[in-house]
Every structure is written in C-alpha cells, then in structure tokens.
Amino acid sequence: MVASASDRLDVRAATVADAADQRRRTGWRLVVSLYRRDVLGMAGLAILIAIAALGILAPVIADYPGAYGEFEAINLAPKRGHPFGTDELGRDILAQTVWGARSSFYVAAFATLIATGLGIVVGLLSGYFPGLGGDLFTGVIDVFLTLPVLPLIILLASVVSPSLTTLGLVIGLFSWPATARIVRGEAIRLRSADFVEATRVAGATSSRILLRHILPNAAPPIFINLSFVAGAAILAEAGIAFLGLGDPTNWSWGTILSHAQASGRFLESWWYATFPSLFITLTVVALNFLGQAMTEVLNPRLRGR
Amino acid sequence: MTVRRRPGAGSSAPRQGGAVERNGDAFDQLSPPAGRAGDHHHPDRGDADFHDPAFLTRRSHLNLCRSLHDRRDPPEDPRRLRSDRSIPVQYAKYLYQLAQGNLGVSISQREPVSDVILETLPWTLLLAGSSLVLSVLLAVPLGVLAVWQRGRSSDLLVRATTVITGALFVPWVALVLMNFFGRRLNWFPIGGAKSPLAEPGWPTVVDELRHLALPVAVLTLTNLGPFVLFLRTSMVEVLQEDYIRTARAKGAVERRVLLRHGLRNALMPFATLVGLRLGFLVSGAILVETVFAYPGVGRLVFRAVQQHDYPVLQGAFLMLAVTVVGFNLLTDLVYGMLDPRIRYGG
C-alpha cells in the first residue's frame, strides 16, 4: 500500500496497536478513493445497484406475472402502460423482467458462492501440497478448464428437479476451475514465501498456514474473480433456461427468452426477447467493469500505468 | 453421488419369474430385468431417491426399458439395455465395447450412436473451426491496434467492445442477425446447414457457406473478447522485456518493434489460449446450433437431453472430450514449432 508522508506521521503518533488499525483503515480508504476515480467501475456499480433495486422493488413496480395476462393486451409492442410490450398471452414483459431479476440474481449469487468455495478448497489443496496429491488436484483443474462445461451443466440440469437452488448448485459445480487456478497460483507463490517458512518453523500446522496466512493473502484476486464468476453464471442460467431446462415455476431472464422462443413469434415480436436480453447484457457488462476496476485498484503493480 | 442399493432394488433383486438369460450380444450392457417386464410398481421408485442424479439416470433407463418392453421388446432390438447387471459390470462391459468402437444404439433413432455422432460432428467442427480461425484473424489486428494506441481512444474502444460483446446473450444476437441479415436483407438463410436442392460442386459449397455465415458470426462475436484481451495483455508484457529496449535502441522503427519483436513473442502464449478456447466455442455452439437449427453435436446433445437418449449423450460427451483433448495436443505441437526453445522428447 502506498503511504503518504502525513500517513506515516499519523502512524508514528499512534500507539502500536492503533497503528495496525490505522494502516488498515487507510488501506481501505485508499481502495475506496481509487475505486471512485475509476469511471467504468463506478458506472458498473451504478448499473448493478439500479438493476438490483428494480428486482427488490418488483412488487411495487408490477404484479407477479401469472399464467395468463389481459385478454385485451395480447402481443402489444412497447407503449404507454406496457413500456416493454406484452407477450402472446397478454402478460406484461416489464413485470416478467423485474421479477426475473430476482431469480437471475439469486441463481448467480448461489452459483458464485459454491464455485468460489470449491475453487478455494481445490486451489489451496493443489497449490500448497507438493507431490502426488497436489498434482492430482492440478490435473482435475486442468481437465475442467478445457472441457466444454455447458453440455455437462445442461445434462445435470435436465436430470435434477428444476428449481432455482438446484440450478445455482449445478452452475456452481462447474464454474469453480477459474477460481481454483487463481488460488493455486497464489498458493504456489506463497508456499515458499519467507513469512510462510517462518510460520512453519515456528510450528504452525498446514491448516493454520493455509487458512491464516495463505488464504488472506490470496483474497484480492479471489475477490476480483467473484464478479467474473457471477457474470458467467448469469449467462449460464439464461442459456439453460432458454433451452427449457430452467425452473418452470419462477420467472428468470432466461425463462422469458425461452417463452419467447416457444411462442413462435421470436422473430416477429422483437420486444419479447430484446428487453430481458438487454438486462442480461447490462448486468454482465456491469460485473465485468466492476471486476476490471477492482483489478486496477487492488493490484498495486498496475497503479499509475 | 452413489447409487444406493437397497434390498429389492436394481440388480441385487432376486429374479422374479423365469428370467430369460439372453445371449450376451454386443448390446447387452444395459437391459431391463426380463422377469419384471410388466411390473409398474417398482420398489425403487420412491420419492426419496428423486434428487440422486446417478440413480435417476439409471431409473429412467429402467422406466424407458419397461415401456419399450411393454411393446414386446423383441430380443433382436439392438436398443435393449441390460440394467440388471451391477454398475461395475455394466461399466466394464461399456469400456470393453468402447474399445471396439461400439458406443451403443440411440434410443430415439434406432441407429448406432457412432453413426449419429459422426453425422453431426463435422458440422460442429466446421462451425467451431471457422469461428476459431475468424477469431484469430480478427483478434490479431485488434490486439495490435489496442497495444499500438495504448491508453488512447481506440484502445479504450477495442477494450469496451470486447467486454460488451462477451456479455451478449447468444440467442438474442442470433435473433438480431436473423432479423436483419436473414429477413430484412435476405442475404443469408436463417436456419439449417444446407439446402436440399443445391447442385453438387461449387453451388453446394457456396450454399453451405451461406448457411454457415450467421452461426459463425454469432459464435465469433460473442467469443472474440478473450482473444483480443489476452493478446493485448501478453503484448504489453512482452513490450517491457529487455530485448524490446534493445530493438528500440538499435533504431528499429515502431512497426518493426511491435510486429517482429512484440507480436511474434506474444503469439506463443496466444496459441495456447486458442487451443483452450475450443472447448468454450463448442459450449457456445449448443445455443447457436439450437437457435439456427444447425445439425451439429450441440443440437444433438440438446435433443438427446429432451428425449432422454442417454446412449447418445454418453457418446457425444466422449466425442467432445476427445476432440478438445486432441486440439490441446495439437496446440502443444504447434507451440513447439513456434518456439524453437521448446523441444519434445529430449
């Protein structure tokens, strides 16, 4: 972390215990202030907050879209009262989209949680332990990194009972390799670092070294990767739901597109698919901007380039 | 995920009635217990097992076989499955038949799985391969442009575009392109891989290329981002090397520094990426092929999932995995040709 002259003076003035605290807060403040200067990162954050707000406020914005809509409002192009138009059963597409935001965010969050947890475990095991055990996990990571996973996700999604939770679980089960590779790299780098050697000499167990020393130091890249994993999960969920393997009892953005495809008016009624797709793209772009901004902010080597 | 074995379930069940032991033909890996052909109240159909995919897969086999058997399941029907054997025995038989090139028989199409897959694999390879080539052809100039104009507006434009195209939803891009180029301009057909009436020779080639255009465009557009960003990053890294400073110091012009010294050295990690991305292209091909009704492996997988055609699924995954691994091997070999410092086998 970059410490200015005044920071250093402050630290010297405080007691030793306060000093650590002070430095940490300065670090966080530094990160926040650097992030604020990143235009794309702030734009991404704003878009995400806006879409999340739409999802949270869904009950205020529109009624939950039922199985049938209004008879008089079948297949309307966007107009006053139905800003996103209506589908072939007279259901408001705005309502579907804002309610869909909830499902899509839920699936993505759950999948990201699982993928990150799995990635951390596999990455630490493969990177920290030398020899056959580590090599085995490394091989598993390599296989999952190269194999086309969407067919596997589709297969598994077709076998389990479709619900938002199982969908998130299935996507998470196949989205961990990128995280695992990052954690593995960090673990290999830190394994032979002087402070880890020192801890080992002091008698710390492997689990203590992994959890107390390596994991916290590997946290920034894991943190950055969260947004990329979430973006991929949003797209994966939409793809699976589009193929008709989503949760039939919940609206998600992919489900809307699946309905649009099934209606047979996919080409004529452009508004069925366009608005949910736009929300998907906006969300994923926002997550990517967030991730890139975080990379710049959290990686001191990239600063000032 | 383990397959639970309870008394009365699966293969451990004592045979009821006169179990007809059929000759072990080539397709005997999975078949319904012959004595329980009409037994619809099977003890292992409890809801407690519902979330166990491996079990469910096997149970679907049983149900399916039972319904086939209800229609008299003739012993000569090659689709007969023998799920009365234990799982290890089934797996050993599967491997044995696999070694002989036998992938089983498609439940829905009554044809050997290998034939079904070989019909579709060329189309997917054509689609993913063309997209891969096109991606490289587009990524190299875009990446070099971004590095050359680093920090300026064209660099930002290239980077923003790659992020946005990577976030597009494949079926929607397909929809837009279909509507514009297919329906409004009528330049390209909006589905299928070929016209039935095209004359052999050049007209067929042109016809197939026209069918290929939109799917390849969608697949390339949505997958281009990582290629460009990766090339840009590795060029930026290469340009910080000492030999670049040497090249500049001896007076090489910027174009020569960028292309001869920068690009050539950045291409090596890039080649690895190209091999690795094939798996992603095949993944993306599922959606593209489904939307465009393109008769490739992706669409085959999708339809097999819908029809619960497990032999086809099993075979298709195997073929995809083999293809991807094969391409990775190819990449490693190309890597050796690009970088004279790497020599294989001593």
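At what angle do the axes of helix α3 (residues 39-56) of chain A and α5(A) cross?

1. Basis. This is a predicted model, in which local features need pLDDT of at least 70 and side-chain atom pairs count only at pLDDT 80 or more, while totals for chains, interfaces and linings use all residues. Residues are numbered from 1 along each chain as its sequence is written, and chains are lettered from A and ligands numbered from 1 in the order in which they are written.

2. Helix crossing in chain A. The axes of α3(A) and α5(A) cross at roughly 110 degrees and come within 7 Å; axes are lines fitted to C-alpha atoms, for helices over the stretch in contact, with angles from 0 to 180 degrees between N-to-C directions. The two helices, α3(A) and α5(A), are therefore roughly perpendicular (65 to 115 degrees). On the α3(A) side the residues are I51(A), A52(A), L54(A) and G55(A), and these meet V98(A), A101(A), R102(A) and F105(A) of α5(A). Contact here requires C-beta atoms, placed from the backbone, within 7 Å. By class, this contact has six nonpolar residues, one polar and one charged (nonpolar: Ala, Val, Leu, Ile, Met, Phe, Trp, Tyr, Cys and Pro; charged: Asp, Glu, Lys and Arg; polar: the others, Gly among them).

3. Make-up of chain A. Chain A has 13 helices and zero strands, taken as DSSP runs (helices H or I, at least four residues; strands E, at least two) numbered from the N terminus. Of its 305 residues, 43% are buried, that is, with 20 or more other C-beta atoms within 10 Å of their own, C-beta atoms being placed from the backbone. Among contacts in chain A with a separation of 6 or more, 70% join residues 24 or more positions apart.

4. Confidence in chain A. Mean pLDDT, the predictor's confidence in each residue from 0 to 100, is 80 for chain A, with 87% of residues at 70 or more. Helix α5 (residues 93-128) of chain A is highest at 90, and helix α1 (residues 5-13) of chain A lowest at a mean of 45. Residues 1-19 of chain A stay under 50 and have 11 contacts beyond four places in sequence. Where pLDDT is low, the predicted coordinates should not be read in detail.

5. Helix α7 of chain B. None of the eight residues of α7(B) (residues 242-249) is buried. G251(B), which follows α7(B), has a positive phi near 95 degrees.

How values were computed
A residue is buried if 20 or more other C-beta atoms lie within 10 Å of its own, exposed if 12 or fewer, and partly exposed in between; C-beta atoms are placed from the backbone. Two residues are in contact if their C-beta atoms, placed from the backbone, lie within 7 Å. Angles under 35 degrees count as roughly parallel, over 145 as roughly antiparallel, 65 to 115 as roughly perpendicular and the rest as oblique.
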